Amino acid sequence: AGIIFPERTKLKFMDKVPAVPKVRREPRRLRDIRGPSQVATDFTQGQYGIMALGGGYLHWGHFEMIRLTIGRSMDPKTMFAIWRVPAPYKPVTRKSLGHRMGGGKGPIDHYVTAVKSGCLVVEVGGRCEFGEVKPFLTQVARKLPFPAVAVSRDGLQQMRQEEEEKKLNNQNPWTFERVVTANMLGMRKYLSPYDLRLKGRYWGKFFLKHRV
Amino acid sequence: APLSSGWLPALQFVRRGSKAVTRHWKAMHFQRQKLMAVTEYVAPRPAVPPRCLAPRKETLEKDNGYVRLLRRQVEEVFRNNRLIAVCQYNSMPGEDVVLMRHYLRKHNIEVKFVLNEIVRPVLSQSKYKNLLPLFVARNILLVSREAKVKEMLRVLKGVPQINLLGACIDDTILSRQGVENFAKLPSLEASQGQTVGALALLPSQTSSLLQRGSAPLTALLDQHIRRLQAGETGSPAEPSPAQSSG
């Protein structure tokens with residue numbers, strides 16, 4: 001029903017190093033892993049996809065693995081797949097092995113893409129059912145460095161609905177959000193200012209699914 | 001006026017330990033752990049626990065063609081065979097099962113494995129309602145066209161794992177004792193001969209009955225004749241009194 005197939009149905013090849021490699025070494029900035037994602041949270045073209053349930057970095061090896069697995073398992077005539085995540089852009093430095101601390105920052109080793117929780121990595125669509133797509137999407141999701149699930153549009157909607165229902169029918173009168181916003185018992189001394197936004201569902205790069 | 005009015009911040013963050021985002025699960029401050037424990041999700045409990053409500057009996061009457069076929073087969077079995085024996089079946093090694101089947105097949109008895117859930121509705125609708133309590137737990141059916149009970153019992157005695165529960169022979173329901181008694185009964189020819197003999201007993205007795213009145217007299221006369229004949233060897237006397245009375 002109104003499915004638009006892109007030009008190339010298979011996943012595009014992602015290069016290891018961006019076309020213009022970075023000269024200046026960048027600080028680590030781990031906050032691009034922390035918290036929920038604001039980018040690529042909803043489906044655009046496809047109907048099924050892999051959603052990240054935790055933060056992490058994807059490097060070229062992961063990209064190749066995804067590209068090849070999905071390319072092998074899908075039918076390019078009836079299905080298509082697109083990346084929802086940019087090619088590696090963030091430089092990661094590594095010092096050579098066996099050296100002592102000091103001597104400045106190491107040279108750039110490789111590039112990675114940062115992925116936050118709730119971000120879609122790939123999208124698959126076309127004339128296919130979720131049952132056909134689910135096996136290889138779960139296979140890929142298991143191999144990623146962060147916990148991930150294969151979702152469909154309906155599945156994602158249902159997940160969000162369940163979350164809201166949980167929030168509404170929670171019998172516990174004390175919620176993290178309430179305690180933090182009112183700074184009950186001086187709890188904010190032990191919590192980070194980011195917890196106001198993260199509301200106890202995120203801890204470091206981990207997404208705590210079972211918390212309200 | 002003071003030289004420079006500066007101020008110290010009220011909160012001093014401690015720069016110790018790891019950063020906020022780590023690869024491993026960072027250990028939480030105990031107060032934070034307590035807060036996480038207190039603010040966990042508590043699911044709503046229904047007013048009546050589901051255990052107290054009546055269980056939803058999902059009667060899946062899947063009208064399988066397979067189930068219907070099995071039922072038809074069971075009905076056929078009950079119609080065609082004269083002898084149907086129900087036995088309890090404890091797990092036997094496979095070879096023993098094959099051996100037993102072989103022996104019984106020689107006497108033209110077939111072994112059938114049936115499922116209770118198929119047999120019970122079939123029985124309750126037919127006239128064999130009293131066989132219903134037998135079909136509980138694992139059981140097998142031994143069916144045959146002739147009633148060779150003695151051989152069947154012999155085979156079953158050799159196999160300890162199969163116990164006879166009951167049988168339906170010629171539309172008569174027999175318990176275990178009844179089956180044994182049935183086996184002890186002589187065969188048809190023997191019983192026929194027995195009845196003939198019993199019937200022929202009376203006419204065979206009629207001749208002796210009729211002769212009973214005159215039997216002592218004839219015995220007496222015979223004795224007399226013998227005495228006279230014995231006396232005749234000493235002195236030749238006439239057997240005329242024996243002739244006149246004979």
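Trainee: What makes up 43% of the 212 residues in chain A?

Mentor: Buried residues do. Buried means under 20% relative accessible area, exposed over 50%, partly exposed in between, with a 1.4 Å probe and protein chains only. This is a predicted model: local features need pLDDT of at least 70, side-chain atom pairs count only at pLDDT 80 or more, and totals for chains, interfaces and linings use all residues. Residues are numbered from 1 along each chain as its sequence is written, chains are lettered from A in the order in which they are written, and side-chain values use heavy atoms, without hydrogens and water.

Trainee: How many helices and strands has chain A?

Mentor: Five helices and nine strands. Helices are DSSP runs of H or I with at least four residues, strands runs of E with at least two, numbered from the N terminus.

Trainee: Now chain B. Why are α2(B) and α4(B) called oblique to each other?

Mentor: Helix α2 covers residues 65-80 of chain B, helix α4 residues 116-125 of chain B. Their axes come within 9 Å and cross at roughly 55°. Angles under 35 degrees count as roughly parallel, over 145 as roughly antiparallel, 65 to 115 as roughly perpendicular and the rest as oblique. The two helices are therefore oblique.

Trainee: Which residues of α2(B) and α4(B) meet?

Mentor: B:L70, B:R71, B:V74, B:E75 and B:F78 in α2(B) meet B:I118, B:V119, B:P121, B:V122 and B:L123 in α4(B). Contact means heavy atoms within 4.5 Å. By class, eight residues are nonpolar, none polar and two charged. Arg and Glu count as charged; Val, Leu, Ile, Phe and Pro are among the nonpolar ones.

Trainee: What share of chain A contacts with a separation of 6 or more joins residues 24 or more positions apart?

Mentor: 81%.

Note on methods:
Axes are lines fitted to C-alpha atoms, for helices over the stretch in contact, and angles run from 0 to 180 degrees between N-to-C directions.
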